[in-house]
Every structure is written in structure tokens, then in C-alpha cells.
Amino acid sequence: RPMHRPRDTETFFFYGTLMDADVRAAVLGNLGADATGAADSLEGWQRVGLRGRTYPVIVPAPGAVVEGLVVSFADGTGKAVTDLLISFEGAEYALETLTLLSGEAALVFVGSRHCHPTGRPWSLSNWELRHKRAFLAGIRRGRLV
């Protein structure tokens, strides 16, 4: 029998700071407590830095692949999570539905016209070492760095 997906379930693909469990917890609080993630990839995009920011964006890049985390939010939290994430991501990002390498469709925040990519590759491990502490403190104060 086919799996029934609840109407208020949302699946996201995270490729930047939201791959970090501490950032997800700071942004989503209890809404993200039961969500689990799995590795997945997005073909045809490249992860790069943003001018004046410590976090990344993805830009179209034929032949490139972005590795990230696919996370589903269920149990009636999908809309609330989506609203929180839209607020967190801000005007630099637009929400699109893209198909991952696994074949699963996911909501992905891509750069909007307000976004200024640097073109330089972005690394989660480098960000965690250099910027995570200040970023989390910024979230607690209601602003991002």
C-alpha cells in the first residue's frame, strides 16, 4: 500500500549552517527535536560563500554536486517549521522545490536577487571552527553574522 504523507509534513535539503545540529536547535527549538536527517546531494548546484557573510548559498553550476542533509518535519510541524526557516533565511533566499540525487523532492533555499555570492567554495567544517560560536550567539540576539 502506498505511503501516505501527512499534509503538514515538509522535507528540506540543508547545505549550509543548518547542517549543524546546534544551529537547527537554535533556529527551530522544540519543532526540530524529533526531526532526523540523512545525507543526500543536489546535482547541478555549487555551494559558495556570500559577500560580507559567514554562511553560504548555492548557485546553478552544471556538473557540480552539493552534499547536504535532507530533513523531514512531520507531526503537524511542517508549516510552523517552514515559517521559522523563511524568517531565519531572510530576503537573501527564495524557497524552491528541487529533486535530490536520491530522487526525493525537497524544499531548498536558493539565492534570491538580494543575494551576492562570492563564487568561493564554502566549507561547513571551516565555518564550525571559525564562525559557529559567534553565529549561535547572533541567533540568540536575533541577528546573523
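**The largest cavity and its surroundings**

Tutor: Eleven nonpolar residues, two polar and one charged make up the lining of the largest cavity. Here Ala, Val, Leu, Ile, Met, Phe, Trp, Tyr, Cys and Pro count as nonpolar, Asp, Glu, Lys and Arg as charged, and the others, Gly among them, as polar. The model is predicted: local features need pLDDT of at least 70 and side-chain atom pairs pLDDT 80 or more, while totals for chains, interfaces and linings use all residues. Residues are numbered from 1 along each chain as its sequence is written, and side-chain values use heavy atoms, without hydrogens or water.

A cavity is a set of points on a 1 Å grid over the protein atoms alone where a 1.4 Å probe fits but cannot get out; a pocket is an open set with protein on both sides within 12 Å along at least five of seven lines; lining residues have an atom within 4 Å of a point. Points are joined across faces, edges and corners, and volume is the space filled by probe spheres set on them.

There is one cavity of 30 Å³ or more, and the largest cavity holds about 160 Å³. Of its 14 lining residues, Thr17, Leu18, Pro56, Glu89 and Tyr93 lie nearest the centre. Strand S1 (10–14) and helix H2 (78–89) each give at least two residues to this lining; helices (H or I, at least four residues) and strands (E, at least two) are DSSP runs numbered from the N terminus.

Tyr93 leads on to strand S4 (residues 93–99), which pairs (at least two DSSP bridges) with strand S5 (residues 105–111) in the antiparallel sense over seven bridges. Thr99 has Ala105 of S5 as its bridge partner. Five residues lie between the two strands of this hairpin, where Gly103 has a positive phi near 95°.

Ser112 sits in the loop between S5 and S6. Its relative accessible area is 18%, so Ser112 is buried (under 20%; exposed is over 50%, partly exposed in between, with a 1.4 Å probe and protein chains only). Beyond neighbours within four places in sequence, Ser112 contacts (heavy atoms within 4.5 Å) Ala91, Glu92, Tyr93 and Ala94.
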